[in-house]
Amino acid sequence: MQKTVLVTGAGGFIGLNVVKMYIRYGFKVLALVHNNVPQELKNLNNIEIIQGDVTNEQFMMQFSGKVDFVAHIAGLASDIGSDKIFRKINFEPIKYLSKIPIEKIIYISSSDVYGIKDFNNADENTPLIEFPKNPYPKYKIISENWLKNNCSNYVIIRPAAVWGEGDKTLENRVAEFLKISPFIVHFGKWHGKNRWPLANVENVAKTMVAVTLFNSFDRQAITIIDSEKTSIDEYYKKIAKKYFPEKKYKNITLPFFIGKIIGFISTFISNVLKLKRPVFDPTFYAVHHVSSNLDFSCDKMIKAINLLEQINTKSQL
C-alpha cells in the first residue's frame, strides 16, 4: 500500500530535493508551500501541492488522518533576526505537527546545535550547546527537546552547510562577497585550514527517505555531512573559480577579535533595521562559523544511505 508523506517547505532548496527523493522511492507526497510554487515542483508526478502557512495551527490540523509521515523542513535559517520571529517559525509548528497522528515525524534540525567551536570527529552523542544570543540554534534545540518529550516517534536530521545544484543561499552569499572583495579573508588561528562542514543536498534527501522507511533510526538523531573534507579556504576558492575565473585573489588572515567586532556591528545594524539579509558580511554568527573547525562524523548517515540504496527504486525522475 502506497504511503503518503507531508513535506513542509517543499518549495525551498532542500524541500524540493526531498520531495523528488520521496517520489523516487514510491511515496505519494503532499507538498506544502508557503508562497511561490517552483515550476519544477509543478512538473512532478504523484504529488499534491498545497499552499498554506505552517505556523497556522488550524490549517495544519487538516492533515490529521491524511498522511502517514511528516517531513518537516520549513523554517527560518538565518544568522540575524528577532527571537520572536524564530520562535514563531522554527518552534511553534513542531507543537502543531506533534498532535497529528502519524507513524513518524522526520525533523530537519541543524549541526549548529552542537555549538560553533572547534570539533574533531564529533558525533550524535556530542552535547548540544546554544550559540550565545542567537535564536536559530536555540529554537532548533528547543524543537528537538519538544519532539523527545511529546512525540511518540521521530527522527532528527542535523545537516551541516547544505549545498548542491540549485542552491541560491549559501553559495550566492559567498559569491556576492567575493564579487566586491580583492581578498579571500580568514580570521583567527586556522588561516582558512579549518574544516567547512559541507552537506550535499542529495545526502540530506536520501537520509530522510531512509529513516522514513527503516525503523532502526527511530527516536535518534543523524548528522549529515559529506565524507570528503573541505577547508573553508578550499570552499572559497571553488566558488571564486566558478563565478570569477579571471579574477586573482590573495589570502589574508585577520585576528579573530577584529572579525568579532565586524560581525557584531553587522549583526547589530541588521537587527535594528529588521533586515532579512545582513547589511554586510560577516555577521557575528558567521565569523564564528567560518573560523571554527566543524568536523563531525558521518558514519550514521552512511549507514542510512547504504540501506536505502539496497532498495530498487519505484520510479525514476
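Predicted model: local features only at pLDDT ≥ 70, side-chain atom pairs only at ≥ 80, totals over all residues.
**Exercise 1. Which residue forms a salt bridge with K20, and how far apart are the closest N and O atoms?**

Residues are numbered from 1 along each chain as its sequence is written, and side-chain values use heavy atoms, with hydrogens and water left out.

Step 1. Recall the criterion: a salt bridge is a side-chain nitrogen of Lys or Arg within 4 Å of a carboxyl oxygen of Asp or Glu.

Step 2. The partner of K20 is E40, with 2.7 Å between the closest N and O atoms.

Step 3. K20 sits in helix α1 (residues 13–24) and E40 in helix α2 (residues 39–42), so this pair ties together parts 20 residues apart in sequence. Helices here are DSSP runs of H or I with at least four residues, strands are runs of E with at least two, and both are numbered from the N terminus.

Step 4. E40 has a relative accessible area of 39%, which makes E40 partly exposed. The scale, using a 1.4 Å probe and protein chains only, calls a residue buried under 20%, exposed over 50% and partly exposed in between.

**Exercise 2. Describe the salt bridge between K237 and D233.**

Step 1. Their side chains meet at 3.0 Å, N to O.

Step 2. Both belong to helix α9 (residues 232–243), and because they are four residues apart, about one helical turn separates them.

**Exercise 3. Work out how F131 and Y285 are arranged.**

Step 1. Ring centres of Phe, Tyr and Trp (its six-membered ring) must lie within 6.5 Å to pair; planes under 30 degrees apart are stacked, over 60 edge-to-face, and the rest tilted.

Step 2. The structure holds 13 aromatic pairs. In the pair of F131 and Y285, the centres are 4.9 Å apart and the planes make 80 degrees, an edge-to-face arrangement.

Step 3. This pair links distant parts of the chain, 154 residues apart: F131 is in the loop between β5 and α6 (135–150), and Y285 is in helix α11.

Step 4. F131 is buried at 6% relative accessible area, and Y285 is buried at 5%.

**Exercise 4. Which helix gives the most to the lining of the second largest pocket?**

Step 1. On a 1 Å grid over the protein atoms alone, a pocket is an open set of points where a 1.4 Å probe fits, with protein on both sides within 12 Å along at least five of seven lines; lining residues have an atom within 4 Å of a point.

Step 2. The second largest pocket has about 310 Å³ of space. Its lining has 15 residues, and those closest to the centre are P132, K133, N134, T267 and F284.

Step 3. Helices α10 (256–272) and α11 (284–290) each supply at least two lining residues. The answer is α10, with four residues.

Note on methods. Points joined across faces, edges and corners; volume = space filled by probe spheres on them.
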